[in-house]
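Me: I would like to learn how to read a protein model feature by feature. Could you take me through one, giving the general idea and then the case at hand?

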Amino acid sequence: MGRRAGYGAAVAGWRCEGLRWPGGEPVLRWEGGRAGPLAYGREIGFRAVGERRCVGARGNPCPVRAVVGGRSSGGRCPECARLDRVGSVAADGIADDPRVYRVYLAWFGPGMVKVGITAEERGGARLREQGAVAYGWLGRGPLMAARRTEEVLGSALGVPDRIPYAAKRAARVGLPGEAERAAEVAELHGRAMGVPGWADTLEPVEPRVVDHAGLFGLDRVDRVDGVVGALVDGGCVRGTLTAAAGPDLHLEDPDGRALVLDTRLITGWELVAAGSTARTTVPVTVLPPGVQDGLF
């Protein structure tokens with residue numbers, strides 16, 4: 001994970017702020033504003049040092065630099081986690097937000113579709129951040145109208161507004177073809193258009209399915225043997241990047257295992273480059289064979 005390869009960890013003491021998808025490409029962002037694009041087929045290797053510290057809230061550092069648990073996907077202490085949600089769309093804290101919002105259908109696997117909203121100015125970034133394999137827009141308009149539509153359509157279509165990451169990861173193995181993915185999104189879009197009432201407050205959007213499988217590199221994901229459970233002081237992660245989706249990196253480690261690293265687990269850690277002979281030594285949750293092969 002050296003600087004020459006674009007990952008930025010050749011300098012000791014760098015702290016990662018997680019995986020982002022600006023402009024449609026996966027990028028690791030580092031404290032201080034640095035960013036390093038990720039390339040499939042390249043090796044990533046780092047070692048965690050010291051204690052994991054709270055990443056703060058809404059662009060501000062944690063005032064006490066609190067120590068946080070290694071398994072926390074948020075990387076924040078309770079107080080900063082509370083502050084981070086103040087005013088967030090997810091917490092309905094900004095009802096008077098003047099921006100235009102869009103309602104979408106996001107597809108993660110067969111029968112695994114959710115409905116959600118995102119600010120129109122963000123385009124498809126929110127869908128890439130969630131790891132949506134395919135998606136389609138439903139409507140656009142004011143925030144609260146979009147939120148009501150999300151609830152109405154979720155109930156009418158029988159789809160949730162959240163899908164666990166464990167289910168998303170398992171569904172990436174053995175995906176159906178692009179035509180089948182698009183057909184399921186289009187069928188739900190058609191059903192949504194038949195639900196009365198919501199189009200009175202939102203402008204419906206014509207069906208057009210966007211597919212991310214190629215962008216994510218999912219044709220190279222044929223199994224998932226395990227998931228990194230946490231980083232620990234002195235623990236290493238090393239492997240060849242095969243795919244990326246949402247916050248997840250799919251790696252083939254030196255022992256030949258197909259592992260998933262949720263980059264939300266590495267925020268708050270001081271990271272240094274691992275040597276070329278390093279092996280993955282952090283805790284890994286081994287998945288049962290049915291999940292490894294994408295069978296539920």
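Me: How many bridges pair β5 and β7, and in which sense?

Reply: Two strands count as paired if DSSP finds at least two bridges between them. Helices (H or I, at least four residues) and strands (E, at least two) are DSSP runs, numbered from the N terminus. Here β5 and β7 are joined by seven bridges in the antiparallel sense. One of the partners to look for is tyrosine 135 in β7, which bridges to alanine 106. Before we go on, please keep in mind that this is a predicted model: local features need pLDDT of at least 70, side-chain atom pairs count only at pLDDT 80 or more, and totals for chains, interfaces and linings use all residues. Residues are numbered from 1 along each chain as its sequence is written, and side-chain values use heavy atoms, with hydrogens and water left out.

Me: Which other strand pairs with β5, and over how many bridges?

Reply: That is strand β6 (residues 112–119), antiparallel to β5 over eight bridges. Arginine 102 faces threonine 118 of β6. The β5 and β6 hairpin has two residues between the strands, and glycine 111 there has a positive phi near 70°.

Me: Is β5 mostly covered or open?

Reply: Burial is read from relative accessible area: buried means under 20%, exposed over 50%, and partly exposed in between, with a 1.4 Å probe and protein chains only. By that rule, nine of the nine residues of β5 are buried, so the strand is mostly covered.

Me: Now for the aromatic rings. How many pairs are there?

Reply: Rings of Phe, Tyr and Trp (its six-membered ring) pair if their centres lie within 6.5 Å; planes under 30 degrees apart are stacked, over 60 edge-to-face, and the rest tilted. The count here is four aromatic pairs. Take tyrosine 104 and tryptophan 137: their ring centres are 6.4 Å apart and their planes meet at 75°, so this pair is edge-to-face. Tyrosine 104 belongs to strand β5 (residues 101–109) and tryptophan 137 to strand β7 (residues 134–141), so the pair ties together parts 33 residues apart in sequence. Both tyrosine 104 and tryptophan 137 are buried. Ring pairs also gather Tyr104, Tyr135 and Trp137 into a cluster.

Me: Where do charged ends sit over rings?

Reply: The test asks for NZ of Lys or CZ of Arg within 6 Å of the ring centre and within 35 degrees of the ring normal. Arginine 102 places its charged end over the ring of tryptophan 137, 5.2 Å from the centre. Another case is arginine 264, whose charged end sits over the ring of tyrosine 165 at 4.3 Å from its centre.

Me: What is glutamine 130 in contact with?

Reply: Contact means heavy atoms within 4.5 Å. Glutamine 130 is found in helix α2 (residues 125–130), and is buried at 3% relative accessible area. Leaving aside neighbours within four places in sequence, its contacts are Tyr104, Phe108, Lys114, Tyr165, Lys168 and Gly246.

Me: Which residues other than glycine take a positive phi?

Reply: Most residues other than glycine have a negative phi. Among those with a positive value are arginine 58, near 50°, and arginine 65, near 45°. Arginine 58 lies in the loop between β4 and α1 (78–85), and arginine 65 is in the loop between β4 and α1 too. At 45% relative accessibility, arginine 65 is partly exposed.

Me: Which strands does β14 pair with?

Reply: Strand β1 (residues 14–20) runs antiparallel to strand β14 (residues 270–273), with two bridges between them. Strand β4 (residues 43–49) is also antiparallel to β14, through four bridges. Leucine 271 of β14 is the bridge partner of tryptophan 14 and of alanine 48.

Me: Finally, how is the whole fold summarised?

Reply: The protein has seven helices and 15 strands. Its radius of gyration (taken over C-alpha atoms) is 20 Å, close to the 19 Å of the globule rule (2.2 Å times the number of residues to the power 0.38) for 296 residues, so it is as compact as a globular protein of that length. Of those 296 residues, 49% count as buried. Among contacts with a separation of 6 or more, 70% join residues 24 or more positions apart.
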